[in-house]
Amino acid sequence: MADTATVRLTQQVKAGGCASKLAPGSLAEVLSRLPRQNDRNLLVGFDTSDDAGVYRIAPDLAVVQTVDFFTPLVDDPFTFGQIAATNALSDVYAMGGRPLTALSIVCFPQDGDLDILEQIMRGGLTKMEEANCIVVGGHSVRDTEIKFGYAVTGLIHPDHVFTNTGAVAGDILILTKPIGTGVITTALKRGVAEQAWVKNAVRSMTTLNRAASEVITAATGVHAMTDVTGFGLMGHGRELALGSGMTIEILVDQIPRIEGALDAIHLGAIPAGLLANRDFAECVSADAPGSQIPHDLRTLLYDPQTAGGLLISVAPQDADAILASLRSAGLNAAMIGSVLGPYLAGQGAPAILLR
């Protein structure tokens, strides 16, 4: 570990974590041109931009599948592996599923330090073990940039699948983790982040969404759910709003944020993924009359998150109980907005109203 600690993984890649993903607008353009697959057992496919696919294999059983991998966003290889595993598992939890098996995905330089690769994979295994998810194999290719992640398969009941398309007017929006990992890790890459900022971001990125998902699957009144990752709060909020045919309202000052996130923005630590997210989601948003949203807070709304929290749309009568259960589970959850009503696109109304 002494040798591997001297290598700064963040200096070997152009962009780190979920900030390294394709711009959401580019991806959406390609997916819109692909043919839809007609299979009555395909319960959730790629056409709704949901977190994972769901395929029914029996009347009371379905598999939920996802894949996620990315470049290093922290310097410590063990921690990077933990974050990559936490992020990959999140998509299964966001659907209400239980992870079962995983396949590792490795991109690594041919002449790279194998001790670093070992530590990355060891870190990932710790989180997979915490999730009771068995790594059954994987695949590797030579690459000049390190990339790591997993394809995860889980189980779910076909009648109990949470998607990002079921939000109902009057619902309360709950977020289970603070935001800010993208700008803080960008500050780390540029050498301007304070240790406390990075420590708090790492704590968030290595916290499984397992506890949050277990609270939600045991609750009543939940209509829609997604995790907030590479497209940022606004990008995933856009998908939830448009997928549900609703306008949502976000109370900006109620959104929990990681200590140091605004400081990182003030230092100019803006990842390219944040700008791409803004291009994708700002066009369907508007400020509520009289709102005065500070520039730094507005910027943070588009920050690409890695291993972010769950965004939940829940009936108002159940919101307090769910929020209390999430906080009892040790999560920094908060009510951050509501679902206003049908999205009136033809009348120029926004899909996201910021207040």
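Reader: Hi! Which helix is Val30 found in?
Author: Val30 belongs to helix α2, residues 24–32; helices (H or I, at least four residues) and strands (E, at least two) are DSSP runs, numbered from the N terminus. This is a predicted model, where local features need pLDDT of at least 70, side-chain atom pairs count only at pLDDT 80 or more, and totals for chains, interfaces and linings use all residues. Residues are numbered from 1 along each chain as its sequence is written, and side-chain values use heavy atoms, leaving out hydrogens and water.
Reader: Thanks! What is the relative accessible area of Val30?
Author: Val30 has 40%, which makes this residue partly exposed. Buried means under 20%, exposed over 50%, and partly exposed in between (1.4 Å probe, protein chains only).
Reader: And Asp51, buried or exposed?
Author: Asp51 counts as buried, at 10% relative accessibility. Asp51 sits in the loop between β1 and β2 (53–58).
Reader: Which residues is Asp51 in contact with?
Author: Beyond neighbours within four places in sequence, the contacts of Asp51 include Thr66, Asp91 and Met225; contact means heavy atoms within 4.5 Å.
Reader: New topic: in what order do the strands of the open sheet run?
Author: The 6 strands follow β1-β2-β3-β6-β4-β5, with mixed pairing. Two strands pair if DSSP finds at least two bridges between them. β1 (42–44) and β5 (134–142) each have a single partner strand, so one side of each lacks a neighbour in the sheet.
Reader: In what sense do β3 and β6 pair?
Author: Antiparallel: β3 (61–70) and β6 (147–156) share 9 bridges, and Gln65 stands opposite Thr153 in β6.
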